[in-house]
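Hi,

Here is the structure for you to look through. Please open it first, then read my notes below.

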Amino acid sequence: MPFDTAIAALNYDEHAFAQKHSAKELVEMLPNDNFVSFVDIGAGTGFATVEVKKRFPSAEVTLIDSSSKMLQIAKAKVPDATIINTDAEIFDFASLHFDLAIANLSVQWFKNFELFLEKILAHAKYFAFSVPLKSSFADYMDIFKDVDIPRMNLYTQNEVLHIIRSSAEIVTAKQLMIAKTYPNAIEACRHFRNIGATIPINTATQSKIAVILKSHKSPITLRYDLFLCVTR
Ligand SMILES: C[S@@+](CC[C@H](N)C(=O)[O-])C[C@H]1O[C@@H](n2cnc3c(N)ncnc32)[C@H](O)[C@@H]1O
């Protein structure tokens with residue numbers, strides 16, 4: 001499932017309310033270590049980067065993202081950061097020096113999170129991340145229950161815990177629920193478009209979805225059920 005950065009880069013900061021909130025909470029969970037350098041993975045427009053910089057102002061920063069458009073916006077916020085425009089799942093982290101890695105709401109886009117976790121912890125002292133859980137957006141997804149669309153591959157909390165325990169130790173973890181109500185289904189759908197979360201679907205399915213969206217005129221709440229975790 002691709003992350004559509006052409007749209008997201010323009011609108012992301014204004015619309016990504018859950019990502020912004022999650023970044024703040026995740027950084028508060030970090031231990032009081034004397035971090036010399038950190039890497040923000042799937043840094044996007046730098047919400048988490050800015051929060052880590054506030055807590056550890058002298059730490060050197062590296063931003064990794066597969067979208068050059070998102071990185072351009074992040075670079076303006078953190079001008080001294082080193083920018084690496086690449087796919088984090090294939091990047092060789094041995095070429096970097098860092099003691100903290102952070103990934104705020106980005107690893108849900110990865111093909112193999114389990115493998116990535118193992119890889120990143122071979123290089124970082126701590127890895128802090130947040131992910132949406134499978135129960136997220138239930139009310140919204142329910143309106144499309146009769147349409148055969150690709151679903152995001154999200155985990156339950158138990159599944160995330162199982163993955164972590166196979167290669168890491170949990171330092172601290174918590175669940176966080178962030179919700180926002182939109183006046184109708186079309187506005188809720190726009191939220192996902194504005195933050196780049198889109199699903200590639202064929203024209204026939206697009207038409208079915210358009211009909212459902214237009215017919216669903218009552219307010220709808222988008223609920224992000226997040227799992228935040230610091231591992232080592
Ligand atoms: C929802 S945004 C989150 C951005 C940011 N961490 C934040 O807190 O707002 C997800 C970001 O992950 C990036 N991304 C997705 N898959 C990636 C991959 N395999 N390697 C690097 N970046 C990736 C996207 O380009 C996007 O900028």
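How many helices and strands does the chain have? There are nine helices and seven strands. Keep in mind that this is a predicted model.

Start with the overall shape. The C-alpha trace spans about 55 × 35 × 30 Å along its principal axes. Of the 232 residues, 35% are buried. Take the contacts between residues at least 6 apart in sequence: 78% of them join residues at least 24 apart.

Seven strands form an open sheet with mixed pairing, in the order 3-2-1-4-5-7-6. Strand 3 (82-85) and strand 6 (170-182) are the edge strands, and each pairs on one side only. On average, neighbouring strands are turned by 15° against each other, direction ignored.

Look at strand 5 and strand 7 (residues 220-231). They run antiparallel and are joined by six bridges. Valine 131 has phenylalanine 227 in strand 7 as its bridge partner. Helix 7 packs on the sheet and touches strand 5, strand 6 and strand 7. The direction of helix 7 makes about 20° with that of strand 7.

Now helix 5 (residues 113-121). Which of its residues are buried? They are Phe113, Phe116, Leu117, Lys119 and Ile120. These residues cover an arc of only 165° around the axis, so they sit on the same side of helix 5. Their cover includes strand 4 (100-104), strand 5 (126-132) and helix 7 (157-167).

Best wishes

Key:
Residues numbered from 1 in each chain as written. Predicted model: local features only at pLDDT ≥ 70, side-chain atom pairs only at ≥ 80, totals over all residues. Helix = DSSP H or I, 4+ residues; strand = E, 2+ residues; numbered from the N terminus. Buried ≥ 20, exposed ≤ 12 C-beta atoms within 10 Å, placed from the backbone. Contact = placed C-beta atoms within 7 Å. Arc of directions from axis to C-beta. Pairing = 2+ DSSP bridges. Axes fitted to C-alpha atoms, helices over the stretch in contact; angles between N-to-C directions.
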